[in-house]
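Student: I would like a close look at a single part of this model. Please take me through it step by step.

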Amino acid sequence: MERKAHHSPGKARTVVTVGSVRIGHDPFPVIAGPCAIESEDQIQAVAEAAADSGVSILRGGAWKSTSSPYDFHGLGEAAVEMLVEAGRRHGLPTVTQVLETSHVETAAERVDMLEIASGNMQDFELLRQAG
């Protein structure tokens, strides 16, 4: 991910480049995909539909935040690999949410962008690690 400021007369604009998508510059980049990646077939089908619909960035949750230890928590690293493969196959950059510091390195080495939800904006160690 490349981050650079674009300056116009009288105002500064930040442009964040993710793959070939320029957030803050391109007309209306759309990020879409499943809350949780549940299978290879699911993410491939979603990626195909997303690409056919003009989506700019493929998003998929590798880890899922839940309040119960008995709920589905995502497929983790396996889901990251599925997401990256689906993005490559359909020509889309990828993004996944990281929930804790142990996810950051695994995700950052593979996907094009990390997502940190508003609920984790006060997890300063996660923010430091992602930075």
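Which residue follows helix 1, and is its phi positive or negative? Start there, then work through the helix and the strands around it.

Tutor: This is a predicted model. Gly54 follows helix 1, and its phi is positive, near 90°.

Now the helix itself. Helix 1 spans residues 40-52, which makes 13 residues. From first C-alpha to last it reaches 18 Å, close to the 18 Å expected at 1.5 Å a residue. Its buried residues are Ile43, Gln44, Ala47 and Ala50. These four lie on the same side of helix 1, because they cover an arc of only 130° around the axis. The spacing follows a general rule. An α-helix has 3.6 residues a turn, so residues three or four places apart point the same way. Asp41 and Asp52 are exposed, on the face of helix 1 turned away from its buried side. The cover over the buried residues of helix 1 includes strand 5 and helix 2.

Those two elements lead on to strand 6. Strand 5 covers residues 57-59 and helix 2 covers residues 77-90. The chain passes from strand 5 through helix 2 to strand 6, a right-handed β-α-β crossover. Strands 5 and 6 run parallel and are joined by two bridges. Across this pairing, Arg59 stands opposite Val95.

Strand 6, residues 94-97, is covered on both faces. Thr94 and Thr96 are buried on one side. Val95 and Gln97 are buried on the other. Strand 6 also pairs with strand 7, residues 113-115, in the parallel sense over three bridges. Here Gln97 stands opposite Glu115.

Leu126 sits in helix 4, residues 124-130. Leu126 is buried, with a relative accessible area of 0%. Leave aside its neighbours within four places in sequence. Leu126 is then in contact with Val98, Leu99, Glu100, Thr101, Val104, Ile116 and Asn120. Leu58 is another matter: Leu126 and Leu58 are 68 residues apart in sequence, and their C-alpha atoms are 23 Å apart in space.

Methods:
Residues numbered from 1 in each chain as written. Predicted model: local features only at pLDDT ≥ 70, side-chain atom pairs only at ≥ 80, totals over all residues. Heavy atoms only, no water. Buried < 20%, exposed > 50% of the residue type's maximum accessible area, 1.4 Å probe, protein only. Pairing = 2+ DSSP bridges. Right-handed = clockwise from strand over helix to strand, strands pointing away. Expected span 1.5 Å × (residues − 1). Arc of directions from axis to C-beta. Contact = heavy atoms within 4.5 Å.
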